[in-house]
Every structure is written in structure tokens, then in C-alpha cells.
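Colleague: Please walk me through this model. Keep it brisk.

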Amino acid sequence: MSIAKQLYQLQEVELEIESSEQALRQIDSQLGENQAVVRVQTKLALEQQRLEELRGQQHSAEWEIDDITSKLTTAEEELYSGRIRNPKELTSLQHEVDGLRVKRDQLEDKALEVMEQVELAAASVASVSSELKTVEAEWHSQQQQLSTEMEQLKAILADLKHKQQLLLAGIDPQPVEFYYQLKKQRGQAVAKVEQGICRGCRISLPTAEVQRARSGNLVQCSSCGRILFLP
Ligand SMILES: [Zn+2]
């Protein structure tokens, strides 16, 4: 096998190694990443807090109503007991009863409003809770999938590195060193020649150059300097 072909094979394996390593890094950054879950958890905590506040408001409204109702009952009993005969006192008591009734009605309206808000907030908590369950389930299955992909990629990578070692063991050290120098400079050290054109720089090569490369010699492209490989 020509040296150019061996180096080309090495390059192919190394390109695969690089892209596998890139994919591994990406999976690594996604593993344990749970922003979506945290976002819904925060949303749920806020909704739960709001529900608790509203329930607190509901209870105080109910206590206030109980308080006013008992005051009203006492005042009404007094008013209709027949014990008070003084017209001035009666009028004053009547006013007190009227005032307490208005206040009770107002409080009942307010309690009703708060109750409706409590119901809405409770529905919201239920819906965000179920959203959280969905997001968490998705996250778990995504993490599992990522772990599986990672294991597969690691196995592929180990295989590729083994291939790379085998290839390196079969090539003389000098051309290997030259290959890595070129790789450092150009990104890719070996260029395929197709229809007389260097695929590295897309320049049409002189026929003599192509022939020398075909004969198995290590020939560099006169334009980009890459090692020419004729498939
Ligand atoms: Zn070239």
C-alpha cells in the first residue's frame, strides 16, 4: 500500500475520532443539565405560595364574617327583645343593626371573590404540577438516552483509537511526523486527487505531478502543499 494511501486512511480515522469527541463533549454538556425542570419547579413554588396567601385571606374573611354575625345576632335580639323602650335608644340600635348588616354583606361579597380566586389558583397549581411531572419524565428519558449514546460513542471511540494505533504502527515514523506537521498547518494533511484536481485546494494539477503521485511516491500539491492521494 502506498504511503499516501496509509496516511489518507489515518486521516479518515482521525477525522472520525475528532467528530466522535465533539459529539461526546456535546452530550457531556447536556448530561445533568435541567434548566427546563428548574423553571417549572420555580413556577410551581410561586403558584403554591399564591394559593396559600389566598387561603389565608379566605380564612380571615370567614372569621370576620363570624364575628360580625355574632355581633349582629346580639344586636338584633336586643332590638326585638322589647326591653328597650326609649325611642332614641331604639333608633340608635336600629342604626347599629343596619350598619352591621351592610358590613356583613360587604364581607360576604369579598369572601366570595376570594373563594373564586382560591379556586383559580388551586386549578393553576394542579396544572403546573402535572406540567412538572411531564417535564421531569421527559428529562429522565432524555438523560437515559444521552447516557446510552455516551456509552455507544465511547465504544466507537475506543475502536477508532485502536484502528489509529494499528495504522500508525504500520507507517514509517518520518512520514508520520511530516503528516502531523502538515496537519497542524493545513487542518488536513492529505488531499484526494479527482479528475486531475487537488481536492484540498481545487487546483488542476500538472499531469507530471499526478503521475508521480500515482507511482506511489509521496508527492505534495504544488499549490497547497498537501500530500496527494490518488484513490
Ligand atoms: Zn492542493
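**Loops, metal site and helix packing**

Colleague: In which loop does Gln195 lie?
Modeller: This is a predicted model, with residues numbered from 1 along each chain as its sequence is written. Local features need pLDDT of at least 70, side-chain atom pairs need pLDDT 80 or more, totals for chains, interfaces and linings use all residues, and side-chain values use heavy atoms, without hydrogens or water. Helices (H or I, at least four residues) and strands (E, at least two) are DSSP runs, numbered from the N terminus. On that basis, Gln195 belongs to the loop between strand E1 (190–194) and E2.

Colleague: Is Gln195 buried or exposed?
Modeller: The backbone of Gln195 has a positive phi, near 50°, and the residue is not a glycine. Buried is under 20% relative accessible area, exposed over 50%, partly exposed in between (1.4 Å probe, protein chains only). With a value of 77%, Gln195 is exposed.

Colleague: What is the phi of Arg202?
Modeller: Arg202 is in the loop between E2 and H5. The residue is exposed, at 60% relative accessible area. Arg202 is not a glycine, yet its phi is positive, about 65°.

Colleague: Which residues coordinate the zinc ion?
Modeller: Donors are N, O and S atoms within 2.8 Å of the metal (3.2 Å for Na, K and Ca). Here the donors are SG atoms at 2.3 to 2.4 Å. Their residues are Cys198, Cys201, Cys221 and Cys224.

Colleague: What is the geometry of the zinc ion site?
Modeller: The site has 4 donor atoms, with angles of 106 to 113° among them. Four donors count as tetrahedral if all angles lie between 85 and 135 degrees. The zinc ion site is therefore tetrahedral.

Colleague: How many residues apart in sequence are the parts that Cys201 and Cys221 tie together?
Modeller: The donor residues are spaced C-x2-C-x19-C-x2-C. Cys201 is in the loop between strand E2 (197–198) and helix H5 (207–214), and Cys221 in the loop between H5 and strand E3 (227–229), so the pair links parts whose separation in sequence is 20 residues.

Colleague: Is Cys221 buried or exposed?
Modeller: Cys201 is partly exposed, at 25% relative accessibility. Cys221 has 3%. That makes Cys221 buried.

Colleague: How is H1 oriented relative to H4?
Modeller: Axes are lines fitted to C-alpha atoms, for helices over the stretch in contact, and angles run from 0 to 180 degrees between N-to-C directions. The axes of helix H1 (residues 3–30) and helix H4 (residues 173–186) come within 11 Å and cross at roughly 50°. Angles under 35 degrees count as roughly parallel, over 145 as roughly antiparallel, 65 to 115 as roughly perpendicular and the rest as oblique. H1 and H4 are therefore oblique.

Colleague: Which residues in H4 meet H1?
Modeller: Contact means heavy atoms within 4.5 Å. From H1 come Ile3, Leu7, Leu10, Gln11, Glu14 and Glu18. In H4 they meet Pro175, Tyr179, Tyr180 and Lys183.

Colleague: How is H1 oriented relative to H3?
Modeller: H1 packs on helix H3 (residues 87–169) with the axes 9 Å apart and an angle of about 155°. H1 is therefore, relative to H3, roughly antiparallel.

Colleague: How far apart in space are Ile27 and Glu149?
Modeller: Ile27 is in helix H1 and is buried at 5% relative accessible area. Leaving aside neighbours within four places in sequence, Ile27 contacts Leu146, Glu149, Met150 and Leu153. Ile27 and Glu149 are 122 residues apart in sequence, but C-alpha to C-alpha they are 8.1 Å apart.

Colleague: Which residues is Gln58 in contact with, leaving aside neighbours within four places in sequence?
Modeller: Gln58 is in helix H2 (residues 35–80). At 13% relative accessibility, Gln58 is buried. Its contacts are Val114, Met115 and Val118.

Note on methods:
Four donors count as tetrahedral if all angles lie between 85 and 135 degrees; four count as square planar and six as octahedral if opposite donors are over 155 degrees apart and all others between 65 and 115; anything else is irregular.
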